[in-house]
Amino acid sequence: MARKLKKEIELCIKKVNDGFGIFERLWEKIYDSDDQSVRQKTAAELKRELKKLQRCRDQIKGWLSTPRDCRDKLQTLKDIKGDIETKMEAFKKCEREVKTKAFSKEGLKQAGTFFVFVCVCVWKTHSHSQSLDTQYTYS
């Protein structure tokens, strides 16, 4: 029984390490791309990969709940569980960024151009109303 469990744990660790590699490649692809549609598609792939990692995390949690069975791999499993949770948090932020539309208020705030956008709108409105006032006075 212990040999079978050890083999399962090693297989899970291998899956997680492979998943981390795929996750990192997709992560770089998202932030290297400027095209919004590519970023959204890559984010969907990243989400699928994260789901696989979460399934492994649940399996690891089960093993950690019975530490007698896997005491030789205990620290490794704890580290992997923590790494998966870190990637989950990072993905949450990434997903929020990818879903934000470029010219929405949030998107403009992220770009730091919201203030400039508001100033331009106020200026346009102000200059337009002044031009209308001069038209009516000359008529």
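W27 and Y31 sit 4 residues apart in helix α1, about one turn of the helix. Helices here are DSSP runs (H or I, at least four residues), numbered from the N terminus. This is a predicted model: local features need pLDDT of at least 70 and side-chain atom pairs count only at pLDDT 80 or more, while totals for chains, interfaces and linings use all residues. Residues are numbered from 1 along each chain as its sequence is written, and side-chain values use heavy atoms, with hydrogens and water left out.

## The ring pairs

Rings of Phe, Tyr and Trp (its six-membered ring) pair if their centres lie within 6.5 Å; planes under 30 degrees apart are stacked, over 60 edge-to-face, and the rest tilted. By that rule, there are 2 aromatic pairs. F23 and W27 count as stacked because their ring centres are 5.9 Å apart and their planes are at 20°. These two are also 4 residues apart in helix α1 (residues 2–32), so about one helical turn separates them.

W27 pairs with Y31 too, this time tilted, at 5.2 Å centre to centre and 55° between the planes.

F23 is buried, at 2% relative accessibility (buried is under 20% relative accessible area, exposed over 50%, partly exposed in between; 1.4 Å probe, protein chains only). W27 is partly exposed at 22%, and Y31 is partly exposed at 36%.

## A charge over a ring

Over at F20, the charged end of K87 sits over the ring, 5.1 Å from its centre. The test asks for NZ of Lys or CZ of Arg within 6 Å of the ring centre and within 35 degrees of the ring normal.
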